[in-house]
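Thanks for passing this one along. Here are my notes, point by point, to read beside the model.

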Amino acid sequence: MSIARLQALYQETIKPGLQEELNLKNIMQAPRIVKMVLNVGVKGAVANSKELQEVMTAIDLISGQKSVRRLARKSIAGFKLREGMPIGVSVTLRGQRMFEFLDRLINLALPKVRDFQGVNSISSCDKGGNWNLGIKSADIFPEIVDFDVSKKVYGLNISVHTTAKTAAGTIALLKKFGMPFKVS
C-alpha cells in the first residue's frame with residue numbers, strides 16, 4: 001500500500017520544520033492531524049428521505065468511504081422533528097484517506113471557489129487546537145462532476161482535529177500543508 005503524498009511530506013519536511021518553528025524539544029511534540037470529520041445537515045430529510053440518500057451518495061464520493069446517518073437527539077415541534085429521525089450525514093477520515101482528502105481539498109476544491117480570497121485562520125480555531133471550515137456548496141469537489149447525483153446545493157462542514165495545544169500550532173501545521181489562509 002502506497003503512502004499518501006501529504007503524509008510523506010509531513011514525515012520528511014513538515015514535522016522537523018514545526019519542531020524548529022515552535023521551539024519544541026522533542027520531535028514527537030510536533031502537532032499532527034489526528035482525524036477529519038465531514039458533516040452535512042439535511043433539513044429536507046424530515047419531509048423527504050430521498051434527499052438524505054442523495055447527500056449520502058455525494059459524501060461517499062467526496063470522502064471515499066461510507067458515510068453514517070446522524071439522528072436527531074431531541075424532538076423540536078416547531079421544526080416537525082422527532083427524536084431519532086435521520087437529519088444529517090457524517091464521515092470520519094483517518095490515516096491515508098484523511099491525507100488524500102486534505103490534498104484534494106487544498107489543491108483541487110478550494111481553488112474552484114469563485115472569488116476565493118483564502119480561508120479564515122484564527123477565528124476558525126477553537127481552544128483545543130481544532131480547526132473548522134464551512135463550505136457553502138459541496139459541488140466544488142471534482143468527484144461531483146455528475147450534477148444529477150445532488151440536485152440541491154448542500155453545505156459541508158469540515159472539522160480538522162489536531163494534537164496542537166494552541167491555535168497558533170494548528171495554523172502553523174496547516175500553513176505547512178499549504179492551506180490558503182487569508183492575508184491580514
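1. Of the 48 residues in the largest nonpolar core, Leu105, Trp131, Phe141, Ile158, Phe177 and Met179 touch the most other members. Such a core is a set of buried Ala, Val, Leu, Ile, Met, Phe, Trp, Tyr and Cys residues joined through side-chain atoms within 4.5 Å. Buried here means under 20% relative accessible area, exposed over 50%, and partly exposed in between, with a 1.4 Å probe and protein chains only. Two or more residues of this core come from each of α1, β1, α2, β3, α3, β4, β5 and α4, and α3 gives the most, with seven residues. Helices (H or I, at least four residues) and strands (E, at least two) are DSSP runs, numbered from the N terminus.

2. A word on the source: this is a predicted model, in which local features need pLDDT of at least 70 and side-chain atom pairs count only at pLDDT 80 or more, while totals for chains, interfaces and linings use all residues. Residues are numbered from 1 along each chain as its sequence is written, and side-chain values use heavy atoms, with hydrogens and water left out.

3. Do look at Phe177. At 6% relative accessibility, this residue counts as buried. Leaving aside residues up to four places away in sequence, Phe177 touches Leu6, Tyr10, Ile14, Ile33, Phe99, Leu102 and Ile106, where contact means heavy atoms within 4.5 Å.

4. How many aromatic pairs does a search of the whole structure find? There are four. Rings of Phe, Tyr and Trp (its six-membered ring) pair if their centres lie within 6.5 Å; planes under 30 degrees apart count as stacked, over 60 as edge-to-face and the rest as tilted. Tyr10 and Phe177 make a stacked pair, 6.0 Å centre to centre with 15° between the planes. Tyr10 sits in helix α1 (residues 5-21) and Phe177 in helix α4 (residues 167-177), so the pair ties together parts that are 167 residues apart in sequence.

5. The rings of Phe99 and Phe177 have centres 6.1 Å apart and planes at 50°, so this pair is tilted. Because Phe99 lies in helix α3 and Phe177 in helix α4, the pair ties together parts that are 78 residues apart in sequence. Phe99 is buried, with a relative accessible area of 8%. Tyr10, Phe99 and Phe177 form one aromatic cluster.

6. Now the sheet. Five strands form an open sheet in the order β2-β3-β1-β5-β4, with antiparallel pairing; two strands pair if DSSP finds at least two bridges between them. β2 (68-71) and β4 (131-135) stand at the edges with a single partner strand each, so one side of each has no neighbour in the sheet.

7. β4 pairs with β5 (residues 156-162) in the antiparallel sense over five bridges. In β5, Asn157 is the bridge partner of Gly134, and Ser159 is that of Asn132.

8. Finally, α2. Its 15 residues should span 21 Å at 1.5 Å a residue, and the end C-alpha atoms are 21 Å apart, which agrees; the expected span is 1.5 Å times one less than the number of residues. Buried in α2 are Glu51, Leu52, Val55, Met56, Ala58, Ile59, Ile62 and Ser63. The cover over these buried residues includes β1, β2, β3, α3 (95-109) and β5.
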